[in-house]
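Biologist: Hi! I have the sequence and the structure open side by side. Could you walk me through what you see?

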Amino acid sequence: MEVESAASNSNAKNQRRVGLIYDQRMCKHRTPDDDYHPENPNRITVIWNRLKLAGIPERCVLLNAKEAEDKYICAVHSKKHVNLIRKISSKRYDSKRNLIASKLNSIYFNEGSSEAAYLAAGSVIEVAEKVAKGELDSAFALVRPPGHHAEFDEAMGFCLFNNVAIAATFLLDERPELDINKILIVDWDVHHGNGTQKTFWKDPRVLFFSVHRHEFGSFYPANDDGFYTMVGEGPGAGYNINVPWENGQCGDADYLAVWDHILLPVAKEFKPDVIIISAGFDAAVGDPLGGCRVTPYGYSVMLKELMDFAQGRIVLALEGGYNLDSIANSALACMEVLLEDKPISGFSEAYPFESTWRVIQAVRRKLSAFWPTLAHELPTKLTNQKAPPHILPLSSESDDEDDEASKIVSADFVAAVEDVVEPLLKLKVEDNHDKVTTASTLWRSELSKSDIWYATFGSNMWKSRFLCYIEGGQVEGMKKSCSGSMDRNPPKDILWKTCPHRLFFGRDFTQTWGPGGVAFLHPQSNSHNKTYMCLYRITLEQFNDVLLQENGPDHDLSSPLFDLNALNSIPNEGSFSVEAVKRGWYHSVVYLGKENDIPILTMTYALMHSWQLNFFFIQNRIGHLHNLHLVSLPYLCI
């Protein structure tokens with residue numbers, strides 16, 4: 001059933017028919033004890049209220065949400081997974097619901113989760129079918145929980161069912177009479193759509209395009225699935241396009257450059273019949289988890305340029321986005337584009353980052369074998385137009401967020417953390433080179449004779465970024481400089497190794513990178529886990545300097561943080577807590593074995609018991625309590 005609006009009256013005969021779905025029943029999905037969580041019901045209610053204030057619903061065709069049928073969901077997910085989501089909110093699961101959720105990657109369940117998940121999937125199917133039939137020109141499904149992380153047999157990353165993948169599969173396989181043979185899925189959520197990618201990995205009927213923060217596999221979902229070399233397989237080779245940002249802070253200019261030089265040329269060759277957008281707004285300016293800077297204007301231009309394809313038949317399905325003001329304004333901007341009722345107004349910063357051009361060139365080279373339109377090199381005159389890096393005063397990764405962090409989150413967040421932040425802002429930050437004494441000269445001389453492998457994860461795997469710890473300075477995307485090591489000689493060797501550990505992500509802001517998640521390595525090994533790490537062969541002296549820079553340069557280095565005694569004992573102990581910097585996020589040194597008879601060390605948080613993690617999740621509900629060493633799994637992001 002649909003509710004006709006002003007879009008269908010005699011005064012609006014030439015207006016585009018735009019569908020819109022919103023149902024408060026999807027607000028029933030919330031954390032079990034109503035603890036704060038970034039993926040919460042306010043996300044869709046604030047968008048709906050913003051649209052109503054602008055008079056958008058009156059200009060749309062309002063559709064009723066309906067639950068998806070199991071047979072359509074099972075085309076994308078296993079029967080086991082579908083059964084779990086269908087039953088998880090029933091009374092028989094009351095006693096084990098939380099336990100099941102704790103075993104999944106960043107998932108919560110409550111009594112309303114099943115209904116919300118079925119409504120979200122069914123709503124995207126509903127609008128996609130009406131657009132494909134021509135009953136609507138385009139549509140927006142304002143749904144939650146989101147979907148693009150959900151895989152065949154697993155809920156993850158706040159996602160229960162893969163709403164977009166289910167809708168695309170429905171059009172292709174269940175409605176052949178609609179003659180929908182090619183679908184372009186554009187995922188502009190700040191996180192990689194791993195679930196959608198895997199669904200259509202071998203399917204040439206779907207061109208999957210994702211632009212996302214990746215940072216060499218350190219940004220959620222923290223693997224190599226989102227790298228540009230992942231292009232599909234078999235008949236689907238070339239139909240999977242990833243544009244992986246190397247850093248945060250990417251904004252309108254970066255995204256529009258990708259549109260101009262990758263997405264739009266390929267879309268022109270592909271000639272899609274329908275476009276479905278995984279419309280996450282966590283790349284929006286001010287998002288506490290995304291750390292990028294896309295404006296409502298940027299989203300409107302990206303959408304407007306896609307309307308030149310598929311006769312403008314476009315479906316938007318909400319994915320992520322956690323700054324309520326940003327998602328509301330961005331969604332409104334998109335709706336105004338779909339309605340085509342006023343010109344796009346605004347402006348963008350002049351140039352993309354240097355890293356953006358580097359990524360664009362790499363993607364084009366990799367995909368040129370499949371898409372001839374990408375074969376030519378971009379002119380140097382174009383790629384030399386680039387934005388300067390952002391620079392802030394020196395401080396440590398473990399220092400407390402200053403007013404810059406407060407500016408990008410909502411007023412509610414600011415009020416909640418004010419009492420914690422204020423006294424800590426007075427901490428004095430000093431350059432560790434001012435601490436050099438005769439005593440430090442002695443231990444440095446001794447430790448410079450011993451080599452270790454420093455096993456890095458996250459952004460430190462990027463050699464240019466790691467060298468900042470050795471040589472000082474900063475790379476593009478960083479908001480502060482590193483002081484460097486006293487010994488500025490580069491690593492003696494570099495190698496890559498797979499280690500049986502997992503990565504966790506949390507926090508929502510760092511002084512080095514600004515907004516965005518932070519990578520932590522689980523200190524306990526597990527044969528079922530796998531993390532790619534880059535090993536740098538450096539001296540034990542240099543390792544101490546890196547430890548200091550990672551954990552706060554306010555310690556007196558008249559003695560080493562990690563000496564030869566610690567190095568000799570750590571193979572038996574497994575880890576070593578550096579008490580001098582225990583307030584730092586990476587104060588625990590972990591032993592990972594040997595390579596060529598040289599010890600392999602890394603640094604991460606200290607291991608905690610499950611009850612401590614639960615306590616910290618409650619205390620860290622908005623990610624700003626600064627005496628914590630671990631951020632709980634619920635802050636893994638969309």
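Modeller: Happy to! Let me start with Glu-446, which is partly exposed, with a relative accessible area of 45%. Keep in mind that this is a predicted model.

Biologist: Where does Glu-446 sit?

Modeller: Glu-446 belongs to helix H15, residues 438–447.

Biologist: Okay, let's zoom out. How many helices and strands does the protein chain have?

Modeller: The protein chain has 19 helices and 19 strands. It has 638 residues, and 61% of them count as buried.

Biologist: And what share of the contacts comes from residues 24 or more positions apart?

Modeller: That share is 76%, taken over contacts in the protein chain with a separation of 6 or more.

Biologist: Which residues have the most contacts inside the largest nonpolar core?

Modeller: Those are Trp-188, Phe-209, Trp-259, Ile-277, Phe-281, Leu-306 and Leu-316, in a core of 127 residues. Helix H5, residues 113–133, gives the largest share of this core, with 12 residues. There is also a second, separate core of 54 residues, which includes Leu-540, Phe-562, Val-590 and Ile-598.

Biologist: Pick one for me. What does Leu-316 touch?

Modeller: Leaving out residues up to four places away in sequence, Leu-316 touches Ala-139, Phe-140, Ala-141, Trp-188, Ile-277, Ala-279, Leu-303, Cys-334 and Leu-338. One of these, Leu-303, is also among the buried residues of H9.

Biologist: Tell me about H9, then. Which of its residues are buried?

Modeller: In H9, the buried ones are Gly-298, Tyr-299, Ser-300, Val-301, Met-302, Leu-303 and Leu-306. They pack against E5, helix H8 (252–270), strand E8 (274–279), strand E9 (314–318) and H10.

Biologist: At what angle do H9 and H10 pack?

Modeller: The angle is about 35°, and the axes of helix H9 (residues 296–306) and helix H10 (residues 324–339) are 8 Å apart. Their crossing is right-handed.

Biologist: Which residues meet there?

Modeller: From H9 you have Pro-296, Tyr-299, Ser-300, Leu-303 and Lys-304, and on the H10 side Asn-329, Ser-330, Ala-333, Cys-334, Val-337 and Leu-338. By type, this contact has 7 nonpolar, 3 polar and 1 charged.

Biologist: New topic. Is Glu-39 buried or exposed?

Modeller: Glu-39 counts as buried because its relative accessibility is 1%, and buried means under 20%. You will find Glu-39 in the loop between strand E2 (18–21) and helix H1 (42–53).

Biologist: Which side chain does it make a polar contact with?

Modeller: The side chain of Glu-39 makes a polar contact of 2.8 Å with that of Arg-144. Beyond its neighbours within four places in sequence, Glu-39 is in contact with residues including His-29, Tyr-108, Phe-158 and Tyr-322.

Biologist: Last one, Asn-181. Where is it?

Modeller: Asn-181 is in the loop between helix H6 (163–174) and strand E5 (183–187). Asn-181 counts as partly exposed because its relative accessibility is 44%, between the 20% and 50% cut-offs.

Biologist: What does Asn-181 touch?

Modeller: Apart from residues up to four places away in sequence, Asn-181 touches Leu-172, Arg-205 and Asp-273. A polar contact of 3.0 Å also joins its side chain to that of Asp-179. The C-alpha atoms of Asn-181 and Pro-272 are separated by 8.0 Å, with the two residues 91 apart along the chain.

Biologist: Great, thanks for the tour!

Note on methods. Residues are numbered from 1 along each chain as its sequence is written. This is a predicted model: local features need pLDDT of at least 70, side-chain atom pairs count only at pLDDT 80 or more; totals for chains, interfaces and linings use all residues. Side-chain values use heavy atoms; hydrogens and water are left out. A nonpolar core is a set of buried Ala, Val, Leu, Ile, Met, Phe, Trp, Tyr and Cys residues joined through side-chain atoms within 4.5 Å. Buried means under 20% relative accessible area, exposed over 50%, partly exposed in between (1.4 Å probe, protein chains only). Helices (H or I, at least four residues) and strands (E, at least two) are DSSP runs, numbered from the N terminus. Contact means heavy atoms within 4.5 Å. Axes are lines fitted to C-alpha atoms, for helices over the stretch in contact, and angles run from 0 to 180 degrees between N-to-C directions. A crossing is left-handed if the near helix is turned anticlockwise from the far one by less than a right angle, and right-handed if clockwise. Ala, Val, Leu, Ile, Met, Phe, Trp, Tyr, Cys and Pro count as nonpolar, Asp, Glu, Lys and Arg as charged, and the others, Gly among them, as polar. A polar contact is a pair of N or O atoms within 3.5 Å; within protein, one must be able to donate a hydrogen and the other to accept it, and residues adjacent in sequence count only if both atoms are side-chain atoms.
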